[in-house]
Amino acid sequence: MFEKSKLAFAEASRYIPGGVDSPVRAFGSVGGTPPFIERGEGAYLFDIDGNRYIDFVQSWGPLIFGHCDKDIEEAVIETAKKGLSFGAPTELETELAKEIVTLFDSIDKVRFVNSGTEAVMSALRLARGFTGKNDIVKFAGCYHGHSDSLLVQAGSGAATFGTPSSPGVPEDLTKHTLLATYNDLESVKKCFQESGDIACVIIEPIAGNMGLVPASEEFLEGLRELCNEHGALLIFDEVMSGFRATLTGAQGITQVKPDLVTLGKVIGGGMPVGAFGGRIDIMERLSPEGPVYQAGTLSGNPVAMAAGLASLRKLKHNPAIYVELGKKAKRLMKGFKAAADAEEIPLVTEVRGSMFGYFFSDKEVKNFDDALSSDTETFAKFHSGMLRRGIYLACSAFETGFISTAMTDEMIEEAIIAAYETMREIRG
Ligand SMILES: *Cc1c(COP(=O)(O)O)cnc(C)c1O
C-alpha cells in the first residue's frame, strides 16, 4: 500500500540527506518508510498511493483547524495577492502582536521570527543580554529547537536517533548549558549551587517533546522562586503548548508567570512563524530599542501574519473549542487505554487540552528517564498497525498527538476501533 511512497523516498534520499528536511519524518524509530503526502483536507491526509489517514500529527501541532481551513486559506490568498514580502513594516504585524499581548498576561511586547528555533535562540540571547550572565538551565527531554546551546538531551528527534547532543556543537558553547531533571526541583537547586552565572531557566511547562509530560504546579512555583532568588529569568517555551493546551497554553493552567515566553506552531496557522515576548523592561533591551541584536529578512512576513491572525481570532472568538477538543482527546486516550487493557498491554496516557500522549509503560511518566524506559518496540508495532488502518500518529514514542476541530466523534471512534485491532495483533 506504500509502493509510490517507497519510490519517492528512495528518490528523495538521493538528493536530500535521509530523504527528509527534518529527521523525525524519516520514520527511523518505527521502521519502514514515510508516506509521501499529496494533500490534506480537514482531518484527513492523502498520500501519493491514494491512502487516506485521520491525521493526529497536524504538521506537529500548528493545524488546530485541520487542513485547508476556509478562513485561513482565504486570508493567505488575499494577502498573497498583495505581495509576498516587503522587508518593511505592515499593520498585520501590529494586529497579530496586539492579539498576543492582550491574551497573555506575561507578554507586554512581542517580536516575530520565522520558527520556534529562532524564537528560543533569540529569547536566550535577550535573557543573557538583560541579566549580563552566561549560563542557562534546561531540562533533559525538553526540546527548544536545534540551536547550538540547546541541543543537549533534547527529547524526541535527538532521543529517537540516540544522539543526545550533536557533532558540530563546540563544548565551549554547551558548557554554558546546565542540565536538570524535569519535575525535580532539587536538580535545579544544584545547578544554582554550581553556578552563580545563570541567566535563565528555560522549560516547556507542558513538555511535548519527550511524549506528553506536564510539569507539576509545585515544580513551576519552585522554579519561579529559585529564579527570583538568584536574579535569573524564567522562560516558558510554549512553541507547542501555546494556543494548544488552552488559548494561552500552559499559562491558562498554571498560576506561575514567566519573564519571557516563546511561541510558534499554532500562531502561524501552518505558515512558518515563531515569536518571543515578555515583560516590557526585558523586551526594551531588544534592538533597535536596546543593544541586544536580533533581526530577520522575512520576519513578520505578511502572508504568515495573515494566517496566524485568522487562526488566533477564530480561537479567541470560540473559546469553547478547547473544551470540545479536550473531550475528544480524553475519549481517544480512554479508548487507547481500554484497547491496551483488553490485551493486558501496559499503557499510560495523558491529556492537556487538544494535546494527547501515551507511553507503553506500567508507571506514570514524570521525566525523560521515565519516558526512555517505556517500551519503544511495542510503540513501533502499534504505530505501524495504526498506519495500515488509516490512523496517522506521530512516528516516535517521544512525541505528542493533536486533535483538530475538523475531527468528528466518528473519527475518534474509528481510531479507537483501529487501536483494539492493533493491540490484538501485537499480542498475537
Ligand atoms: C517545535 C518546537 C520548537 C522548535 O520549533 P521549530 O519551528 O521546529 O524550529 C521549540 N520548542 C518547542 C517546545 C517545540 O515544540
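View 1. Strand 2 (residues 44–47) and strand 3 form an antiparallel pair held over three bridges. As with every view below, this one comes from a predicted model. Look for Tyr44, which stands opposite Ile54 in strand 3. Four residues lie between the two strands of this hairpin, and Gly50 takes a positive phi near 90 degrees here.

**View 2. Strand 3 meets strand 15.** Strand 3 also pairs with strand 15 (residues 391–392), this time in the parallel sense and over two bridges.

View 3. Between strand 13 and strand 14 (residues 355–359), the antiparallel pairing runs over five bridges. A handy landmark is Val348, which stands opposite Phe359 in strand 14.

**View 4. The surroundings of the ligand.** Which residues surround the ligand? They are Ser115, Gly116, Thr117, Tyr143, His144, Gly145, Glu204, Asn209, Asp237, Val239, Met240 and Lys265. Sorted by class, this shell has three nonpolar, six polar and three charged residues.

View 5. A ligand nitrogen atom sits 3.2 Å from a polar backbone atom of Tyr143. For Asp237, the side chain is the part to look at: one of its N or O atoms is 2.7 Å from a nitrogen atom of the ligand. Lys265 also takes part through its side chain, with an N or O atom 2.7 Å from an oxygen atom of the ligand. On its own the ligand exposes 380 Å², and the protein buries 83% of that.

View 6. Pro214 belongs to strand 9 (residues 213–214). Is this residue, Pro214, buried or exposed? Pro214 counts as buried because its relative accessible area is 12%, which falls under the 20% cut-off. Setting aside residues up to four places away in sequence, Pro214 touches Tyr182, Asn183, Pro205, Ile206, Ala207, Glu350 and Arg352. For a sense of scale, follow the chain to Lys314, 100 residues apart from Pro214: their C-alpha atoms are separated by 26 Å.

**View 7. Ser122 inside helix 4.** Ser122 lies in helix 4 (residues 116–131). With a relative accessible area of 3%, Ser122 is buried. Which residues is Ser122 in contact with, leaving aside neighbours within four places in sequence? Those partners are Val113, Phe276 and Gln294.

**View 8. Ser106, a buried residue in a loop.** Ser106 is found in the loop between helix 3 (91–103) and strand 4 (109–113). Its relative accessible area is 3%, so Ser106 is classed as buried. The side chain of Ser106 makes a polar contact with the side chain of Gln251, at 2.5 Å. Apart from neighbours within four places in sequence, Ser106 is in contact with Gln251, Lys257, Pro258, Asp259, Val261, Gly278 and Arg279.

View 9. You will find Pro288 in the loop between helix 9 (280–283) and helix 10 (302–317).

View 10. Cys68 is not a glycine, yet it has a positive phi of about 55 degrees. This residue, Cys68, lies in the loop between strand 3 (52–55) and helix 2 (70–80). Cys68 is partly exposed, with a relative accessible area of 42%. Glu344 is not a glycine either, and it has a positive phi of about 55 degrees. Glu344 sits in the loop between helix 11 (320–342) and strand 13. Why does Glu344 count as exposed? Its relative accessibility is 66%, which is over the 50% cut-off.

Technical notes:
Residues are numbered from 1 along each chain as its sequence is written. This is a predicted model: local features need pLDDT of at least 70, side-chain atom pairs count only at pLDDT 80 or more; totals for chains, interfaces and linings use all residues. Side-chain values use heavy atoms; hydrogens and water are left out. Buried means under 20% relative accessible area, exposed over 50%, partly exposed in between (1.4 Å probe, protein chains only). Contact means heavy atoms within 4.5 Å. A residue is near a molecule or strand if one of its heavy atoms lies within 4 Å of it. A polar contact is a pair of N or O atoms within 3.5 Å; within protein, one must be able to donate a hydrogen and the other to accept it, and residues adjacent in sequence count only if both atoms are side-chain atoms. Accessible areas come from the Shrake-Rupley method with a 1.4 Å probe; for residues, only the protein chains shown count as cover. Ala, Val, Leu, Ile, Met, Phe, Trp, Tyr, Cys and Pro count as nonpolar, Asp, Glu, Lys and Arg as charged, and the others, Gly among them, as polar. Two strands pair if DSSP finds at least two bridges between them.
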